[in-house]
Amino acid sequence: MSVHEILRMGDPRLLRQAEPITEFNTPALDTVIADMFDTMHAANGAGLAAPQIGVNSQLVIFGFKQNAGDPDAVPVPETVLINPVITLLSKDIEENWEGCLSVPGFRGVVPRWSQVRYEGFDQFGNPIRREVDGFHARVVQHECDHLIGVLYPMRVTDFSRFGFTDILFPERDPNDDD
Ligand code: NI
């Protein structure tokens with residue numbers, strides 16, 4: 001297990017379409033997932049997609065017990081999601097702040113679908129199917145965007161609400177930089 005370098009915006013490897021995973025429960029997959037959790041925890045992130053460590057596979061992880069930056073955020077279970085498909089459950093859109101480990105030091109308001117179903121597989125090949133809303137729905141959409149080469153600044157519609165985290169939120173813990 002090891003902490004990897006996280007690719008930053010501008011790296012063309014973040015703009016690729018990720019490939020589906022065809023073999024589950026393999027030592028190679030277990031290693032990538034363990035490394036992703038190490039990397040996400042070391043960076044205090046709420047989610048990480050495989051392309052962010054240069055692995056071009058349809059694999060994301062996310063979840064947190066408590067978010068230091070937003071104590072009101074509802075915990076999201078720690079999840080490994082492979083070959084995900086997202087379906088809208090409503091056309092309602094919600095705006096909220098996002099950051100990204102590939103865009104360190106910034107925050108922006110991003111419109112997202114407020115209620116979605118996500119389906120996919122865990123690392124053993126067991127199917128996952130959940131209907132979620134709020135921050136859980138937001139983090140899934142953010143991470144799955146990484147699998148189609150989309151970073152959250154590409155979804156920002158109002159650039160008066162995009163900027164440096166320490167300027168926007170002077171009270172915020174500077175180490176909480178997801
Ligand atoms: Ni991200």
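These questions and answers cover the metal site, the sheet, the salt bridges and a surface patch of a predicted model.
The model is predicted, with local features needing pLDDT of at least 70 and side-chain atom pairs pLDDT 80 or more, while totals for chains, interfaces and linings use all residues. Residues are numbered from 1 along each chain as its sequence is written, and side-chain values use heavy atoms, leaving out hydrogens and water.

Me: Which residues coordinate the nickel ion?
Reply: Donors are N, O and S atoms within 2.8 Å of the metal (3.2 Å for Na, K and Ca); water is not among the atoms, so sites may look incomplete. Along the chain the donors follow the spacing C-x41-H-x3-H. At 2.1 to 2.3 Å, the nickel ion is coordinated by Cys100 (SG), His142 (NE2) and His146 (NE2).

Me: Which helix holds both His142 and His146?
Reply: Helices are DSSP runs of H or I with at least four residues, strands are runs of E with at least two, and both are numbered from the N terminus. His142 and His146 are four residues apart, about one turn of the helix. Both histidines are buried, a term for under 20% relative accessible area, with exposed over 50% and partly exposed in between (1.4 Å probe, protein chains only). The helix is α2 (residues 134–146).

Me: What is the order of the five strands in the open sheet?
Reply: Two strands pair if DSSP finds at least two bridges between them. The pairing here is antiparallel. β1 (47–49) and β7 (127–133) each have a single partner strand, so one side of each is left without a neighbour in the sheet. The order is β1-β2-β3-β6-β7.

Me: How far apart are the C-alpha atoms of Leu48 and Leu101?
Reply: Leu48 lies in strand β1. Leu48 is buried, because its relative accessibility is 0%. Leu48 and Leu101 are 53 residues apart along the chain, and their C-alpha atoms are separated by 7.8 Å.

Me: Which residue forms a salt bridge with Asp145?
Reply: A salt bridge is a side-chain nitrogen of Lys or Arg within 4 Å of a carboxyl oxygen of Asp or Glu. For Asp145, the closest N and O atoms are 2.9 Å apart, and the partner is Arg112. Asp145 is in helix α2 and Arg112 in strand β5 (residues 106–113), so the pair ties together parts 33 residues apart in sequence.

Me: What accessible area do Leu88, Ile93 and Trp113 have together?
Reply: Nonpolar patches join side chains (Val, Leu, Ile, Met, Phe, Trp, Tyr) within 5 Å, and like charges are joined within 9 Å; members have over 30% relative accessible area and no salt bridge. Areas come from the Shrake-Rupley method with a 1.4 Å probe; for residues, only the protein chains shown count as cover. Ile93 is exposed, at 54% relative accessible area. Together the three have about 270 Å².
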